[in-house]
Amino acid sequence: MSIRGTKIEIQELTHRYTPKSPVTFNSITLESPPGEALVIIGRSGCGKSTLLHILAGVLQPTEGKVLLDGHQIEKPSPRWVMMFQAPHLFPWMTVAENVGVGLTFGHWSKKEIVERVTEVINLVELQEFVDNNVQDLSGGQQQRVALARSLVMEPELLLLDEPFSALDAFTRASLQHDVRSIARRLGFNIVIVTHDIDEAVIMADRAVIMAGSPGNIVHELDVALPDPRDRHDPEVQKFRGLLMGAFQEAANV
Amino acid sequence: MVGLLRSPTVQQIAWALSGLSILMFLWWIFGNYIAQNPATASFATFGLIPTLEAFPLLIHEGKIQTAVVASSIRLGGGLGIAIAIGVPVGIMVGRSKRFRELSNSPFQLLRMVSPLAWTPLAVFVFTAWDSSIIFLIAMASVWPVIFSTAAGLSKVDPAWFKVARNLGATSMHMVTRIIIPAITFDVLSGIRLALGVAWIVLVPAEYLGVTSGLGYAIEDARETLSYNHLTAMVVTIGIIGYTLDTTLVMLIKRYSWHKGSDEG
Ligand SMILES: Nc1ncnc2c1ncn2[C@@H]1O[C@H](COP(=O)(O)OP(=O)(O)OP(=O)(O)O)[C@@H](O)[C@H]1O
Ligand SMILES: [Mg+2]
């Protein structure tokens with residue numbers, strides 16, 4: 001697979017849902033270099049999902065714009081794919097069919113689809129379930145299918161909205177680790193939205209804290225940690241403490 | 001051999017055959033009983049053996065075939081109209097809250113009218129008997145199609161559209177790749193119910209006016225006192241209805257994606 005990252009430029013983004021509703025966030029400016037894993041942490045309701053939906057092109061900002069490698073995002077595209085909290089698989093399709101579904105929307109030959117699907121299924125380690133009904137998989141396996149379904153598009157940018165919050169601690173930890181290592185290996189950008197500080201420390205190259213009403217970026221932290229990251233490692237714990245402190249400080253302003 | 005007897009399919013078939021044998025046996029006893037009783041002896045040809053004897057003759061004369069063809073055309077016509085109207089209307093009911101609220105009361109009210117109650121109106125509106133019967137069948141069978149289609153649509157997860165759009169699906173893909181596969185199961189279940197109603201309405205509707213079809217054949221046999229022809233037609237109706245229903249059950253199983261549901 002040949003995926004490359006992209007330079008994300010968020011320029012003075014302001015959003016309100018309707019002219020009458022309050023401003024969700026005000027003039028957010030943020031950049032992310034190619035291949036970076038950016039984590040946005042913030043309390044419930046501060047506008048994280050809204051921001052992610054704008055990045056995905058499914059929602060239009062009121063003001064400002066988002067550029068990927070200099071081109072403005074205006075509508076959804078398989079080049080930037082979003083993964084949700086729930087896997088939302090298509091229950092009438094097998095694992096392989098679910099994974100390949102995005103390719104069948106494009107102009108891919110059957111042979112190419114089979115090749116790419118097989119490759120991605122190996123990547124998320126679901127080989128033994130290719131022909132299974134997705135309803136027979138565990139929550140974690142289903143989320144892996146959703147991940148594969150996004151990766152098969154070879155996106156430059158993967159957007160994740162609390163993607164693992166519905167999973168048990170072990171499954172969550174292994175998926176956090178896998179997504180990070182796959183992203184690093186293939187080189188695409190990820191933007192993750194979460195309120196889980198541990199998730200941020202394990203997954204981020206850089207973490208930003210969003211707070212306030214209207215929301216804004218109030219703090220930034222480079223998570224300069226080597227891989228693989230173990231949450232019991234004192235260095236990881238140190239970053240966790242830093243992030244926790246910043247998060248609490250942000251909550252108090 | 002023992003292994004074969006343990007196979008679930010073989011066992012299922014064995015149970016089905018046993019059930020049918022019991023039915024035939026009861027019929028045979030009943031036939032003997034009315035034959036023995038002087039008061040009912042003239043109806044003895046209702047029995048199992050005379051009925052079975054009637055089949056070769058009726059088939060040889062082509063009576064069964066013509067009746068089946070005539071009835072099938074009406075059934076197919078009525079059901080076809082019911083599906084052609086019911087599926088789109090059901091989709092509207094399922095998708096639009098406004099339309100659902102607007103249509104619910106009138107639909108429930110119309111649905112509760114016995115299909116045969118429309119007969120005088122049908123005869124008045126359609127000059128031909130055939131069209132009247134097709135109208136009655138369509139009127140009876142359109143409701144289950146509408147309601148099942150709407151129910152199927154309500155199970156469509158809006159997030160599927162979000163995901164598909166994100167992966168580059170066009171509006172055409174939304175219909176062909178998401179809505180249709182998602183609701184096929186429910187539409188077929190509705191068609192199965194519709195078929196049941198249509199089949200029930202068909203026979204009494206054919207008692208009226210027309211000179212062909214299974215209902216007519218029964219009425220004709222009654223008038224000519226050939227009771228074994230009558231029962232042979234009744235058995236034919238049963239067999240065809242059962243076959244059609246089984247076919248639909250198989251289709252429903254084929255298109256079912258709801259977990260743990262292997263029947264409609
Ligand atoms: N469709 C909508 N229409 C109007 N207001 C909305 C809509 N969606 C969200 N909001 C409001 O916008 C604000 C931000 O919502 P958003 O979903 O982005 O928060 P979030 O940070 O993702 O929260 P959470 O962590 O709970 O997911 C909230 O106050 C919410 O009530
Ligand atoms: Mg959210």
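**View 1. His88(A) sits in a loop of chain A.** The loop containing His88(A) runs between strand E6 (80-83) and helix H2 (95-105) of chain A. Helices (H or I, at least four residues) and strands (E, at least two) are DSSP runs, numbered from the N terminus. The model is predicted: local features need pLDDT of at least 70, side-chain atom pairs pLDDT 80 or more, while totals for chains, interfaces and linings use all residues. Residues are numbered from 1 along each chain as its sequence is written, chains are lettered from A and ligands numbered from 1 in the order written, and side-chain values use heavy atoms, without hydrogens or water. The side chain of His88(A) makes a polar contact of 3.4 Å with that of Asp157(B). Contact means heavy atoms within 4.5 Å.

**View 2. Chain B meets chain A.** In this interface, 24 residues of chain A are in contact with 19 residues of chain B. The two chains bury about 2,000 Å² between them, with 66% of it on carbon and sulfur atoms. (Buried area is the accessible area, 1.4 Å probe, that two parts lose on being put together, summed over both.) Asn166(B), Leu167(B) and Arg177(B) supply 37% of the area that chain B buries against chain A, more than any other three residues. Five residue pairs are in polar contact across the interface, both partners at pLDDT 80 or more. Salt bridges between chain B and chain A number zero. Helix H8 (158-166) and helix H9 (171-206) of chain B each supply at least two residues of the side that touches chain A. H8(B) gives the most to this side, with seven residues. The side of chain B that touches chain A has 10 nonpolar, four polar and five charged residues.

**View 3. Chain B is shown whole.** Chain B holds 11 helices and zero strands. Its C-alpha atoms fill a box of roughly 75 × 65 × 30 Å along the principal axes.

**View 4. Ligand 1 and its shell in chain A.** The shell (heavy atoms within 4 Å) is made up of Tyr17(A), Thr24(A), Arg43(A), Ser44(A), Gly45(A), Cys46(A), Gly47(A), Lys48(A), Ser49(A), Thr50(A), Glu162(A) and His195(A). Two of these residues are nonpolar, seven polar and three charged. (Ala, Val, Leu, Ile, Met, Phe, Trp, Tyr, Cys and Pro count as nonpolar, Asp, Glu, Lys and Arg as charged, and the others, Gly among them, as polar.) Helix H1 (residues 48-56) of chain A gives the largest share of the shell, three residues. A backbone N or O atom of Cys46(A) lies 3.3 Å from an oxygen atom of ligand 1. For Gly47(A), a backbone N or O atom lies 3.1 Å from a ligand 1 oxygen. Ser49(A) places a polar side-chain atom 2.6 Å from an oxygen atom of ligand 1. The protein covers 54% of the 640 Å² of accessible area (Shrake-Rupley method, 1.4 Å probe) that ligand 1 has on its own.

View 5. The peptide bond from Asp227(A) to Pro228(A) is cis, with omega near -10°. Pro228(A) lies in the loop between strand E10 (216-222) and helix H7 (234-252) of chain A. The side chains of Asp227(A) and Arg180(A) form a salt bridge (2.8 Å, N to O). This pair links distant parts of the chain: Asp227(A) in the loop between E10 and H7, Arg180(A) in helix H5 (residues 169-186), 47 residues apart. Over all chains, the count is 18 salt bridges. (A salt bridge is a side-chain nitrogen of Lys or Arg within 4 Å of a carboxyl oxygen of Asp or Glu.)

**View 6. Glu154(A) has a positive phi.** Phi of Glu154(A) is near 50°, a positive value in a residue other than glycine. Glu154(A) belongs to the loop between helix H4 (139-151) and strand E7 (157-161) of chain A.

Definitions and conventions. A polar contact is a pair of N or O atoms within 3.5 Å; within protein, one must be able to donate a hydrogen and the other to accept it, and residues adjacent in sequence count only if both atoms are side-chain atoms.
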